[in-house]
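Here are my notes for someone opening this structure for the first time. Keep the viewer at hand and go through the points in order.

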Amino acid sequence: MTELEKNAILDFVSSEITIDDFYKKMPQYKNEDFIVKKYNEIIFNKDSKILAYLRLIPLRNIKLFESIYRKLLLEDWHIEHEDIVVFFQSYFNKNIENIYILLNALINIPTYLQEDEATKYSYIKKIIYAIGAQPQPESLSALEELVSETDDEKIKELALHQLEKGKNSVDGNTKETSK
């Protein structure tokens with residue numbers, strides 16, 4: 001990524017230029033295939049600095065980036081994990097395969113997130129919420145399994161809470177549809 005690209009991204013993010021002006025300066029970034037290629041390059045090169053810039057570029061079709069975010073979530077060379085998990089809760093929540101990815105992320109917490117207990121458990125909580133947002137009943141089964149297999153009381157508590165919320169939403173949906 002050139003200095004011109006970095007500066008244009010920063011100008012856009014700081015509201016110095018509009019999205020239209022950004023695309024006039026950097027028309028290649030309007031093409032999401034180009035952005036996908038850039039993401040794959042940074043994953044290959046493990047370039048956390050360029051990733052930080054690339055993540056600032058608006059995406060029109062976030063679904064195109066699900067497989068990229070799966071890869072990034074399981075990598076330990078960048079500091080974008082907490083933001084990425086939120087995408088799994090909000091956007092990538094229709095695919096049961098993501099449950100496995102999220103459980104894997106729970107097992108492989110990045111080094112920088114393990115340095116502080118509060119930060120670590122904040123991240124774990126986001127992962128557990130993202131698991132709960134995945135399709136049911138598979139997400140509920142994964143949470144039940146997590147509760148039964150973990151020795152970590154905080155993880156157990158968070159998973160039980162999310163499990164209860166998930167079961168209540170199932171019960172609520174059942175009551176709604178039976179009216």
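1. Start with arginine 70. Setting aside neighbours within four places in sequence, arginine 70 is in contact with Phe88, Asn95, Glu97, Asn98 and Ile101, where contact means heavy atoms within 4.5 Å. Arginine 70 sits in helix H5; helices here are DSSP runs of H or I with at least four residues, strands are runs of E with at least two, and both are numbered from the N terminus. Its relative accessible area is 17%, so arginine 70 counts as buried (buried is under 20% relative accessible area, exposed is over 50%, partly exposed is in between, with a 1.4 Å probe and protein chains only).

2. A word on what you're looking at. This is a predicted model, in which local features need pLDDT of at least 70 and side-chain atom pairs count only at pLDDT 80 or more, while totals for chains, interfaces and linings use all residues. Residues are numbered from 1 along each chain as its sequence is written, and side-chain values use heavy atoms, with hydrogens and water left out.

3. Now zoom out. The protein has 11 helices and zero strands. Its C-alpha atoms fill a box of roughly 55 × 45 × 25 Å along the principal axes. Of its 179 residues, 41% count as buried. Among contacts with a separation of 6 or more, 64% join residues 24 or more positions apart.

4. The structure holds 11 aromatic pairs; rings of Phe, Tyr and Trp (its six-membered ring) pair if their centres lie within 6.5 Å, and planes under 30 degrees apart count as stacked, over 60 as edge-to-face and the rest as tilted. One of them joins tyrosine 29 and phenylalanine 34, edge-to-face, with 5.1 Å centre to centre and 90° between the planes. Are the two partners buried or exposed? Tyrosine 29 is buried, at a relative accessible area of 0%, whereas phenylalanine 34 is partly exposed, at 22%.

5. Another edge-to-face pair is tyrosine 69 with phenylalanine 92, at 5.9 Å centre to centre and 80° between the planes. This pair links distant parts of the chain: tyrosine 69 is in helix H5 (residues 66-73), phenylalanine 92 is in the loop between helix H6 (81-90) and H7, and the two are 23 residues apart. Both count as buried, tyrosine 69 at 1% relative accessibility and phenylalanine 92 at 0%. Ring pairs also link Tyr39, Phe65, Tyr69, Phe87, Phe88, Tyr91 and Phe92 into a cluster.

6. Lysine 165 lies over the face of its ring, 4.8 Å from the ring centre (a charge sits over a ring if NZ of Lys or CZ of Arg is within 6 Å of the ring centre and within 35 degrees of the ring normal).

7. What lines the largest pocket? The lining is made up of Leu103, Leu106, Ile107, Ala142, Glu145, Leu146, Glu149, Thr150 and Ile155. On a 1 Å grid over the protein atoms alone, a pocket is an open set of points where a 1.4 Å probe fits, with protein on both sides within 12 Å along at least five of seven lines, and lining residues have an atom within 4 Å of a point. The largest pocket holds about 180 Å³ of space, a volume being the space filled by probe spheres set on grid points, which are joined across faces, edges and corners. Helix H7 (97-107) and helix H10 (138-149) each supply at least two lining residues, and H10 gives the largest share, four residues.

8. H10 also carries serine 139. Serine 139 is buried, with a relative accessible area of 0%, and touches Ile99, Ile131, Gly132 and Gln134, not counting residues up to four places away in sequence.

9. Tyrosine 53, in helix H4 (residues 48-54), has 21% relative accessibility. Asparagine 40, in helix H3 (residues 32-45), has a relative accessible area of 31%. Leaving out residues up to four places away in sequence, asparagine 40 touches Ile68 and Lys71.
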